[in-house]
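Here's a quick tour of a sheet and a few charged pairs. Have the viewer open while you read.

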Amino acid sequence: MVAAEETGVFDRFKPSTDQDALDELELKSKKYLRGEAANLEVLQDKKLKGQLAVREKLYGQSAKAAAKAEKWLMPSEEGYLEAEGLEKTWTIKQESIVREVDLLSARKAFDMILPELGPYTQEYTSSGRYMIVGGRKGHVAMIDMLSMDLIKEFQRDCSDELHDLFSCYRYPFIYNRHGTEVHCLKEHGKPLKLQFLDKHFLLVSVNSFAQLHYQDISTGEIVANYRTGLGRTDVMRSNPYNAVIGLGHSGGKVTMWKPTSVKPLVTMLCHHGPVTALAFHSGGHLMATAGMDRKIKLWDLRKFEVLRTYSAQAQTLDFSQKGLLATGNGSKVQIWKDSGGHEYEPYMAHAMVKGYQIGKVSFRPYEDVLGIGHSKGLSSILVPGSGEPNFDTWVANPYETNKQRREKEVHALLDKLQPETIMLDPKKIGTVRPPRRKEKKAKKEAEDEMEEAIAAAKSITVKKKTKGRNKPSKRAKKKQEEVFKAKRPFLEQPSEDGQPPAKKKQRVSEADELPKSLQRFARKKTA
Amino acid sequence: MKVKVISRSTEEFTRERSQDLQKVYRNYDPILRPLDKALEYTRAVNATKLDNIFARPFIGAMDGHMDSVSCMAKNPNHLKGIFSGSMDGDIRLWDIAARKTVCQFSDHKGGVRGLAASTNGDILVSCGTDCTVRLWKVPVLKMMDSSHSAGEVLKPTERYVWKHAFWAVDHQWDGTLFATVGAQVDIWDHNRSVPVNSFEWGKDTVISVRFNPGEPDVLATSASDRSITLYDLRMSSPARKLIMKTKTNSICWNPMEPMNFTAANEDCNCYSYDVRKLDEAKVVHKDHVSAVMDIDYSPTGREFVTGSYDRTIRIFKYNGDHSREIYHTKRMQRVFCVKYSCDASYVISGSDDTNLRLWKARASEQLGVLLPRERRKHEYQDALKERYKHLPEVKRIMRHRHLPKPIYKAATLRRTMIDADKKKEQRKRAHSAPGSITVEPFRKRRIITEVE
């Protein structure tokens with residue numbers, strides 16, 4: 001008996017490894033479940049309930065299977081950077097990192113000095129394979145990052161953005177791989193910033209008159225153009241989670257737009273000065289904004305509340321696939337890492353040559369690399385732990401062959417999403433709207449409102465007319481009319497039990513008092 | 001300091017030789033797939049539209065009879081063959097794949113009203129208006145190589161004459177008995193020239209008969225006194241009778257749920273019953289605009305096809321109250337008999353215009369052997385359509401069928417009449433004492449009584 005007791009006591013403190021493994025599996029399968037299970041208790045229809053219960057069970061099983069398959073399907077592991085002893089990660093220089101890693105990765109960190117053709121910006125394709133570099137004075141180049149090959153390079157008068165497109169003095173132009181101008185998009189005006197929503201094939205541009213243009217690149221039609229009305233801005237970012245466009249304005253506001261509504265979806269006052277940079281986390285729930293009030297704020301996009309505020313300046317912001325935040329300010333780059341609970345702490349820092357002004361930072365997808373476009377060219381630094389180590393061939397394949405790329409393009413065109421599917425919460429598609437019951441105000445509330453309206457009407461001063469038209473009786477009549485107008489909407493509303501408003505009471509004849517089936521026996525008044 | 005950076009070697013992630021397959025890597029993380037629901041929805045809409053584009057259900061017509069086709073029979077052992085009998089006494093065996101006559105069995109003097117094949121496929125039983133039952137030997141070898149046959153004419157092996165004209169015949173599953181109906185229900189054996197047993201309940205003509213696939217001794221008949229009668233061969237008298245408001249033209253048992261049967265009625269509806277509870281129909285299948293003449297279940301038991309006097313064929317789900325599919329052609333006149341093929345892929349209809357027509361059961365199905373890739377794609381698209389079928393855009397495209405103008409008009413007229421009746425009923429109930437007028441569900445409304 002003593003032995004049994006002992007084991008019982010110790011069992012409490014020693015968790016079994018099986019349980020650990022199970023918990024880990026639970027955690028992993030949670031992300032594959034894509035949200036909470038539906039509540040089936042409210043259903044009245046038994047057949048539907050049974051069918052949905054079976055489906056929910058299948059979802060659970062498939063999530064578990066995906067979680068179990070993870071360790072076999074994903075060959076690569078995340079990068080990391082750990083400081084030893086007294087040193088901190090943000091003091092570690094790029095040179096020491098480059099010395100420690102293998103040759104292949106060391107080649108990924110480089111500096112391209114291109115002093116003549118103006119401040120450079122760069123962008124990577126979604127698979128991280130190609131990079132397009134644009135200098136403001138008209139230099140455009142496309143580079144294959146895998147082999148560091150220059151695919152195409154040409155010069156124009158002036159240039160701004162990417163994706164085989166850039167805006168010149170007046171309009172954006174589309175160029176093909178060989179550098180031939182294919183389209184001139186006149187409708188956009190002079191764009192300050194371009195964004196491409198690749199699943200919808202929509203090109204979004206914001207121009208110097210603060211007009212937002214949405215154009216479908218596959219058919220060429222202009223889907224929408226809206227006047228934002230908030231002044232010229234060049235801070236524009238697309239939210240990868242729901243394809244909504246975020247604009248940062250000089251009043252400190254951030255607005256979010258979709259192509260099917262004239263008014264922005266959301267307007268948030270973020271900063272006390274102009275918004276200088278904007279970035280969205282790929283998970284869809286986090287937004288980082290930087291303003292001229294020298295603050296960087298992290299916002300929760302579900303509640304539209306500030307999560308954290310940091311005192312720092314930033315001209316450019318970017319989130320990596322693994323949630324690292326890069327900020328560029330002057331000639332310094334700071335990288336922040338999430339240490340649990342959205343508490344971002346400085347992770348790495350990189351200082352460039354003093355005179356360089358950083359224009360844009362962007363993380364390279366599926367690699368631990370950060371690309372920096374600055375006034376004298378291009379740099380790229382290694383940031384361990386920023387990229388997703390395992391790519392999915394059907395989503396984005398850095399090792400794509402020509403044939404695969406062509407097939408992918410055709411499939412992407414077939415699956416082109418309509419602009420109407422862009423919404424703040426993309427999970428809403430396919431859900432059923434609950435039957436809306438008209439909200440009836442409580443009687444007391446309605447009465448209070450009526451009182452308020454009457455009081456407001458009574459306080460209106462009627463203008464005193466001249467030339468003998470200023471009779472007190474007329475003024476009193478006008479005032480009465482105003483009061484009646486204020487009362488009218490409340491009287492027209494149906495009463496609480498849903499019956500239509502009681503019609504004016506007419507003289508009730510004997511015929512009306514009898515039930516309907518006996519009415520023909522009522523004494524009729526002869527004419 | 002400890003450092004690790006993602007570094008992938010190109011050799012590891014690309015194929016070695018050009019004859020190798022391309023390497024595929026998967027990561028099922030939902031974060032890598034934003035907007036996946038919108039993508040699925042778009043694919044569902046596209047899949048529904050493609051379905052409509054590829055919906056070509058009519059395969060071909062089998063021409064040969066000289067008079068309207070009155071009855072058909074499936075041969076349970078041979079998938080490719082079907083028997084059909086016409087009102088001029090001509091019975092033909094068709095090869096469905098070639099759409100040609102294999103051989104003719106012509107001996108009837110009047111119209112052939114019923115055809116049935118025995119379970120082992122050897123013997124074909126036919127009955128007609130000339131008061132005879134004929135048994136024929138089915139030429140098995142001929143079925144195999146139909147290309148040689150030039151429509152040989154065969155003679156019956158047996159001929160039994162009886163007292164009254166026959167209306168229908170059905171063969172027992174797994175047995176040697178068959179039943180004919182006319183003035184009464186007669187049970188015959190292959191070798192006896194007189195019926196082994198006779199049943200009668202009332203003096204009215206019995207117009208159709210069906211043996212139960214699960215219980216070989218149970219059969220259901222329908223008579224012109226608007227009744228459906230159930231018989232058990234082991235008892236000496238009929239078991240149960242259900243009287244409805246209108247005549248039932250045909251009955252079919254559900255092969256997967258043998259306790260359920262569906263009756264094709266004159267009032268344009270089909271009623272599914274459970275034999276254990278005959279006082280209420282399980283489901284009422286409404287969609288035809290004229291009398292339903294014939295009904296046949298798919299071997300899966302999940303669907304059935306009906307042919308109606310309004311020149312259309314409809315396919316219903318076994319528990320669906322509206323049809324899933326409608327087939328019509330300008331050339332197809334009143335449909336008198338329909339059969340669902342034994343592999344659940346085709347529907348055959350015999351109609352007034354002397355033709356048998358072959359249709360696909362699923363209009364946009366790709367026939368033939370599918371590559372595994374094709375099959376997976378079809379399964380994915382079916383799953384997408386199933387998931388998003390309640391959304392308005394998908395539902396509208398799925399439901400859309402072109403109806404011929406007379407059918408469309410007749411359907412709108414029926415709907416107006418039904419709505420008017422309903423409104424009258426509601427008003428009556430509103431103006432009478434609460435509870436004095438009871439609401440009877442439609443499933444019960446068309447039944448008058450059940451008699452033991």
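Helices here are DSSP runs of H or I with at least four residues, numbered from the N terminus. With that in hand, take helix α4 (residues 372–387) of chain B: B:Glu379 and B:Arg375 both sit in it, four residues apart, or about one turn of the helix. The two form a salt bridge. Keep in mind that this is a predicted model. B:Glu379 counts as partly exposed because its relative accessibility is 47%, and B:Arg375 is partly exposed too, at 43%. Elsewhere, B:Asp107, B:Asp130, B:Arg134 and B:Lys155 are joined into one network by salt bridges that share partners.

A search of the whole structure turns up 51 salt bridges over all chains. Three of them, side by side:

| Pair | Closest N to O distance |
|---|---|
| A:Asp216 and A:Lys416 | 2.8 Å |
| B:Glu379 and B:Arg375 | 3.8 Å |

The chain A pair links distant parts of the chain, 200 residues apart: A:Asp216 is in strand β12, A:Lys416 in the loop between α6 and α7. Both residues are buried. In chain B, B:Lys80 lies in the loop between β3 and β4, and B:Asp95 in strand β5, 15 residues apart. B:Lys80 is partly exposed at 36% relative accessibility, whereas B:Asp95 is buried at 3%.

Now the sheet. Four strands of chain A make an open, antiparallel sheet in the order β2-β28-β27-β26. Its edges are β2 (110–113) and β26 (358–363), each pairing on one side only. From one strand to the next, the twist averages 15°. Inside it, β27 and β28 pair over six bridges, and A:His374 stands opposite A:Gly377.

Note on methods. Residues are numbered from 1 along each chain as its sequence is written. Chains are lettered from A and ligands numbered from 1 in the order in which they are written. This is a predicted model: local features need pLDDT of at least 70, side-chain atom pairs count only at pLDDT 80 or more; totals for chains, interfaces and linings use all residues. Side-chain values use heavy atoms; hydrogens and water are left out. Two strands pair if DSSP finds at least two bridges between them. Helices (H or I, at least four residues) and strands (E, at least two) are DSSP runs, numbered from the N terminus. Axes are lines fitted to C-alpha atoms, for helices over the stretch in contact, and angles run from 0 to 180 degrees between N-to-C directions. A salt bridge is a side-chain nitrogen of Lys or Arg within 4 Å of a carboxyl oxygen of Asp or Glu. Buried means under 20% relative accessible area, exposed over 50%, partly exposed in between (1.4 Å probe, protein chains only).
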